[in-house]
Amino acid sequence: MASFLANPTILPPYISSEIALIKSLPNVNILSSTSSFLTIRIQTTPHRTLNATFTFPTGYPTAGVVASLDNTGVKGSLVVPPHLKKLLETQCADVLAKNPPSSTATLDAPGDKATSQVYLVAAHLSSFIGSNLFVPLWKELRNITSHLTSSNTDAFTATLKTNATTGRIAITLAEGDYKYNVSLRVDPLYPDVSPAQTDEDVVNRQALKMTVTSNLPEFLTNIVTGQANEVIRRCYDGVVPEAAVRLSNPVRVATNFTDVVQVTESMDVTSLKSMQRDVDTLKVVSQLKNVNNAKVVDGHRGKVFENTTKERQDARRNLKKLARSEMEADGETARLEEQKAREAAKVSQDGYVARMSEPQPCLSVTVMFLVDNFKNVRNEMCGVCHDKILNDDPTTYVKREKKAGESDEEKKSRRAWEKNHRDKMPVRVHCGHYYHTKCLDDYMTEPPFGRCCGVPGCDRPVYFTGYPDDKSILERNYSNRQARIREVEDAAMLF
Ligand SMILES: [Zn+2]
Ligand SMILES: [Zn+2]
């Protein structure tokens, strides 16, 4: 026994046997061991890492071991947060209390699994870190819980269910008769993502996989969900969470956050090149299309008009070929995306204050975003009629199916409902404000043209997919329409 104390590098059989037992545990590595202490690291991913040190007091192993936890992880990575560290310390103390030191054990003989305190504590930590997917988002979950609890009112309720082993988080938001259920699956490597297994994975994998069911009109559900997914993607690209929310909304960024303009994603040579490729492709496509559509090109452009059938066939063939090669190029781009994003993040770290090189935690920011947007969308006003864009009763948005043997009366009523349904469907225009479909259509197609947004305080021009942003085209369309109406009226007068 004296030799162990004189030379700390020679380990007594009892401690050697404990080390051997610990080595059999999953996710555990021995960092250092002497006859007076033992340090181990429990690690499943860089973000699920914990160190534990066991100190052997005089009289060990009949005197109890002292265990302490250290949550400083590898530089730059997330580590076990203080609250979780405290919880684990309490659990370790429980394990030690339930398994008092053996009165018959001695340093000269090997120990066993049933009585080794060091092994029992290490086994507990290994199982916790190995099976609890919430370790890297412990702090975020605490934030969410308190945010959801404090945002509950008589009108608005939010509930949260979690399963640490499957990594599932279910959140139900309800206000009035509207519900927004979101189910999130946490990647085991969160905030990083597991390697792609298939080509499809390359595009689809996310640190948080989101599934949503809601009785909001589909358009609104898609807007909110789509933007939340964008937040998740940007966090993974290394954008700090607050900036991810701003940047995920292309609509409001440029005007409300002028400071962010110079902070836009820096362009490296690769992205400039690929952009040039896109422009070149578009040019070729438009040329080929002109050849193919020669018949409908203005008559006075004689040269184009004279394309032969063969020339048009060739053009169509080339177009197809081009589309194929573009698709292949896109696939390649997707495969290189992750690598490029990481490199770009590093390159632009100086110029782009909102970007870090490591994937950023996205759970808390995503959930807050969903809660705020779900609550706000119900108060949005139409930019034209200034009524609420959303009916209080969600069932008014449920599509009415055509019934078998429908009477004329029923058909008429269904048609009227369908028209009203289309007219009142909310849409969001470029400035970020909401309009009823029909209100917007009137606003865009009746003079005066090129009006600004009708929501008080917003004087940005109104743009929406499908409406030309050139005022003169809107004017011409309008006068053509008026001319047609006059023709019909004139014709009607004859009879
Ligand atoms: Zn309206
Ligand atoms: Zn607006």
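**Exercise 1: two helices side by side**

Within what distance do the axes of helix H2 (residues 13-23) and helix H4 (residues 117-131) come, and at roughly what angle do they cross?

*Solution.* Before starting, note that this is a predicted model, in which local features need pLDDT of at least 70, side-chain atom pairs count only at pLDDT 80 or more, and totals for chains, interfaces and linings use all residues. Residues are numbered from 1 along each chain as its sequence is written, while chains are lettered from A and ligands numbered from 1 in the order in which they are written.

Step 1. Find the two helices; helices (H or I, at least four residues) and strands (E, at least two) are DSSP runs, numbered from the N terminus.

Step 2. Compare the axes, which are lines fitted to C-alpha atoms, for helices over the stretch in contact, with angles from 0 to 180 degrees between N-to-C directions. The axes of H2 and H4 come within 9 Å and cross at roughly 20°.

Step 3. On the H2 side they are Glu18, Leu21 and Ile22, and on the H4 side Val118, Tyr119 and Ala122; two residues are in contact if their C-beta atoms, placed from the backbone, lie within 7 Å.

**Exercise 2: the nonpolar core**

Which residues touch the most other members of the largest nonpolar core?

*Solution.* Step 1. Learn the two terms. A residue is buried if 20 or more other C-beta atoms lie within 10 Å of its own, exposed if 12 or fewer, and partly exposed in between, with C-beta atoms placed from the backbone. A nonpolar core is a set of buried Ala, Val, Leu, Ile, Met, Phe, Trp, Tyr and Cys residues joined through C-beta atoms within 7 Å.

Step 1. Pick out the residues: among the 53 in the largest core, Val231, Ile232, Cys235, Ala244, Cys362 and Leu370 touch the most other members.

Step 2. Trace where the core comes from. The elements giving two or more residues include helix H5 (138-151), helix H7 (218-236), helix H8 (241-248) and helix H14 (363-377). H14 gives the most, with eight residues. Domain 2 (137-238) and domain 4 (380-493) each supply at least three residues; these bounds come from an automatic or database domain assignment.

Step 3. Zoom in on Leu370, which touches Val182, Val224 and Ala228, leaving out residues up to four places away in sequence.

Step 4. Apart from this core lies another one, of 24 residues, among them Cys92, Val118, Val121 and Ile129.

**Exercise 3: buried or exposed?**

Does Gly238 count as buried or exposed, and where does this residue lie?

*Solution.* Step 1. Gly238 sits in the loop between H7 and H8.

Step 1. Gly238 counts as buried because it has 23 C-beta neighbours inside 10 Å.

Step 2. Follow the chain: Gly238 and Pro361 are 123 residues apart along it, yet their C-alpha atoms are separated by 9.1 Å.

Step 3. Contrast Cys452, in the loop between H16 and helix H17 (471-494). Cys452 has 12 C-beta neighbours inside 10 Å, so it counts as exposed. Beyond four places in sequence, Cys452 is in contact with Asp459, Arg460, Pro461 and Val462.

**Exercise 4: backbone details**

Which residues does a cis peptide bond with omega of about 5° join?

*Solution.* Step 1. The bond joins Tyr60 and Pro61. Pro61 is in the loop between strand S3 (48-55) and strand S4 (66-70).

Step 1. A cis peptide bond also links Tyr190 and Pro191, with omega about 0°. Pro191 belongs to the loop between S7 and helix H6 (199-204).

Step 2. Turn to phi. Asn27 has a positive value near 65° without being a glycine, and lies in the loop between H2 and strand S1 (28-33). With 18 other C-beta atoms within 10 Å, Asn27 is partly exposed.
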